[in-house]
Amino acid sequence: MKKICPNKINEIANSERLIVDVRENFEFQNYRIDVQNMINIPLSEIEQKINEFPNDREVILVCNNGLRSSMAVKFLEQRGFNNLRFIEGGIVKWIQNKLKIIGNAPDIVSHSLSLDKTCEK
């Protein structure tokens, strides 16, 4: 399963990829990463909205800490999708890397799996 560090996202041409936030809609409305070409398809709705995922370009999935997005990647790969990645550490690591967000993220995310801004090698 491929992952990408948040600080590498801007190296990918914005028009060439789709970012899918798999958090619930209320989470997405409160705060989200500031990137182009992003949609919200909650993990709880992926099976019903599977036709909204393109298979002809890269799709990068994101959630709060990387757990739901990695589950979504696994689900989609099992159904024949490729060109999938997820943002390592999710929005928490995005914020730790001082990248822009839209909205008001909580000051402390106690359930985070990300302890610092670095990514695994």
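This is a predicted model: local features need pLDDT of at least 70, side-chain atom pairs count only at pLDDT 80 or more; totals for chains, interfaces and linings use all residues.

User: Is strand β2 mostly covered or mostly uncovered, and how many of its five residues are buried?
Analyst: Strand β2 spans residues 17-21 and is mostly covered. The number of buried residues in β2 is five of five.

User: Which residue in β4 is the bridge partner of Val20?
Analyst: Strand β4, residues 38-40, also pairs with β2 in the parallel sense, over three bridges. Within β4, the bridge partner of Val20 is Ile39.

User: Which element gives the most residues to the largest nonpolar core?
Analyst: The largest nonpolar core has 16 residues, and Val20, Phe53, Leu61 and Leu84 are among those with the most contacts inside it. Elements that give two or more residues to this core are β2, β5, α2 (67-77) and β6 (84-87). The one that gives the most, with four residues, is α2.

User: How many residues are in the second, separate core?
Analyst: This second core is separate and includes Ile9, Tyr31, Ile33 and Val62. Its number of residues is 14.

User: Is Ser69 buried or exposed, and what is its relative accessible area?
Analyst: Ser69 lies in helix α2. Leaving aside residues up to four places away in sequence, Ser69 touches Val22, Leu61, Val62, Cys63, Phe86 and Ile87. Buried means under 20% relative accessible area, so Ser69 counts as buried, with a value of 0%.

User: Which residues does Leu84 touch, not counting those up to four places away in sequence?
Analyst: Leu84 is one of the residues with the most contacts inside the largest nonpolar core. Beyond four places in sequence, Leu84 touches Lys2, Val59, Leu61, Val73, Leu76 and Glu77.

User: Why does Lys3 count as partly exposed, and what separates its C-alpha atom from that of Leu61?
Analyst: Lys3 is in strand β1, residues 3-4. Its relative accessibility is 36%, which is between the 20% and 50% limits, so Lys3 counts as partly exposed. Lys3 and Leu61 are 58 residues apart along the chain, and their C-alpha atoms are separated by 9.2 Å.

Notes
Residues are numbered from 1 along each chain as its sequence is written. Side-chain values use heavy atoms; hydrogens and water are left out. Buried means under 20% relative accessible area, exposed over 50%, partly exposed in between (1.4 Å probe, protein chains only). Two strands pair if DSSP finds at least two bridges between them. A nonpolar core is a set of buried Ala, Val, Leu, Ile, Met, Phe, Trp, Tyr and Cys residues joined through side-chain atoms within 4.5 Å. Contact means heavy atoms within 4.5 Å.
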